[in-house]
Amino acid sequence: NGIGKGVFGPRDKNVSRQKFGLPSNSIIIGTAGALHESRGIETLFQAYQALTHEIDDLHLALAGPRRPRLVIPVGARVHDLANLPHQNVADFLNALDLAVICYRNSAQGEISFPQKAYEIVACRTPLVAARVGSMIELLENYPECLFQPENPVSLVQAIRRQLKHKTVVELPVPSWNHS
């Protein structure tokens, strides 16, 4: 696993938002990757719903494969971009004010390589991630970026912290050549 050189990196937020038809002056949180129940994606949906009552211009953007039975929130402030080609994921991540990485406290959460986290870090997008597996070690110097897995209240608190004091994680990002 590694990040393809030239694929992931910082880009102009407004250009990235225009590419996907996202609002330019709103707060957008979201995630890209597998939107599966096994990863605890419902935690993000519940946290988003709770935050819409206090942040009027909060939007949720989603991109990735999912099972047909997954119930995704609906509304004018939810942007479901479905499956994006890999080369468009960096633009998507750059369009976000905050990227969210959900995992359950499970075997999958414990052993997953933090590929998505490295992609987000390479784009210099603030992030929050479930406190499981490699995320604990990867973000050990950024405890404000962690939330308790499967805990929407903890995720709401982490999102609030990051939206108030945006922390860009400074880590070396492994390339394919390094791997």
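Modeller: A cavity is a set of grid points where a 1.4 Å probe fits but cannot get out, and its lining residues have an atom within 4 Å of a point. The model here is predicted.

Biologist: How many cavities of 30 Å³ or more does the count give?

Modeller: Rolling a probe the size of a water molecule over the atoms shows where empty space is left. In this model the count is one cavity of 30 Å³ or more. The volume of the largest cavity is about 30 Å³.

Biologist: Which residues line the largest cavity?

Modeller: The lining consists of Y103, G109, S112, F113, P114, V132, S134 and M135. By class, five are nonpolar, three are polar and none is charged.

Biologist: How many salt bridges does a search of the whole structure find?

Modeller: A salt bridge needs a Lys or Arg side-chain nitrogen within 4 Å of a carboxyl oxygen of Asp or Glu. The search finds 13. One of them joins R69 and E37, with the closest N and O atoms 3.9 Å apart. R69 sits in the loop between strand 2 and strand 3, and E37 in the loop between strand 1 and helix 2, so the pair ties together parts 32 residues apart in sequence.

Biologist: Is R69 buried or exposed?

Modeller: R69 is exposed, at 60% relative accessible area. E37 has 16% relative accessibility and counts as buried, because buried means under 20%.

Biologist: Which residues are linked with K166 in a network of salt bridges?

Modeller: The network links K166 with K13, R17 and D97. Between K166 and D97 the N to O distance is 3.4 Å. K166 lies in the segment after helix 7 and D97 in the loop between helix 3 and strand 4, 69 residues apart.

Terms used: Residues numbered from 1 in each chain as written. Predicted model: local features only at pLDDT ≥ 70, side-chain atom pairs only at ≥ 80, totals over all residues. Heavy atoms only, no water. 1 Å grid on protein atoms, 1.4 Å probe; cavity = no way out; pocket = protein on both sides within 12 Å on 5 of 7 lines; lining within 4 Å. Points joined across faces, edges and corners; volume = space filled by probe spheres on them. Nonpolar A, V, L, I, M, F, W, Y, C, P; charged D, E, K, R; others polar. Helix = DSSP H or I, 4+ residues; strand = E, 2+ residues; numbered from the N terminus. Buried < 20%, exposed > 50% of the residue type's maximum accessible area, 1.4 Å probe, protein only.
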